[in-house]
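Me: I am new to this structure and would like to learn how to read it. Could we take it one feature at a time?

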Amino acid sequence: MGYSLWQRGLPPTLISATFYVLLIAAAVCFFYSLMISLSALSIFFGRNQGLLDFWFYITIFARYPSSIYSGSPAGEVIRFLFSFVLPILLVVTVPARVLLGKLLEPSWLSGLTIASGVISLLMARAVFQWSLRYYRSASS
């Protein structure tokens, strides 16, 4: 990735590369937390196909930048939901924009991305602990 940025004439600075790694770590924490939460919640369902479908659609949304949801009222609702309620678009879009040196509007989105990684880890731990209280056994 660094080589391709250098070829385009956009070599990353040490600060942007460091911040990029931090934002990627936040994104990994977010998706890890989401998967742990879904796995922990699976003990309450007889069939887990709905949770698997939910994860599939989350990964579909994570493939595209947030800018494709601009322009229509429905797109803006989707963009708001998946940026601030379930911040998938933040953890996917913000690291790349930081590495490319593009300004974020609003500028606090980078902080929100890091906060979403930390908060999601805390929430996943709480969901996991809560689910453990109701777990009885895999065999009975």
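Reply: We can begin with two helices; helices (H or I, at least four residues) and strands (E, at least two) are DSSP runs, numbered from the N terminus. In this predicted model, the axes of α4 (residues 73-85) and α5 (residues 88-100) come within 5 Å and cross at roughly 85°. Axes are lines fitted to C-alpha atoms, for helices over the stretch in contact, and angles run from 0 to 180 degrees between N-to-C directions.

Me: Which residues in α4 and α5 meet?

Reply: Contact means heavy atoms within 4.5 Å. Arg 79, Phe 82 and Ser 83 in α4 meet Ile 88, Leu 89 and Leu 90 in α5. The residues of this contact comprise 4 nonpolar, 1 polar and 1 charged. Here Ala, Val, Leu, Ile, Met, Phe, Trp, Tyr, Cys and Pro count as nonpolar, Asp, Glu, Lys and Arg as charged, and the others, Gly among them, as polar.

Me: How many aromatic pairs does the structure hold?

Reply: Rings of Phe, Tyr and Trp (its six-membered ring) pair if their centres lie within 6.5 Å; planes under 30 degrees apart count as stacked, over 60 as edge-to-face and the rest as tilted. The structure holds 8 such pairs. One of them joins Phe 30 and Phe 31, edge-to-face, with 5.3 Å centre to centre and 80° between the planes. Ring pairs also link Phe 30, Phe 31 and Trp 55 into a cluster.

Me: Are Phe 30 and Phe 31 buried or exposed?

Reply: Buried means under 20% relative accessible area, exposed over 50%, partly exposed in between (1.4 Å probe, protein chains only). Both Phe 30 and Phe 31 are buried. Phe 56 is partly exposed at 44%, and Tyr 57 is partly exposed at 49%.

Me: What does the protein chain contain overall?

Reply: The protein chain has 6 helices and 0 strands. Of its 140 residues, 29% count as buried. The C-alpha trace spans about 60 × 35 × 25 Å along its principal axes.

Me: What should I know about the numbering and the values?

Reply: Residues are numbered from 1 along each chain as its sequence is written, and side-chain values use heavy atoms, with hydrogens and water left out. In this predicted model, local features need pLDDT of at least 70, side-chain atom pairs count only at pLDDT 80 or more, and totals for chains, interfaces and linings use all residues.
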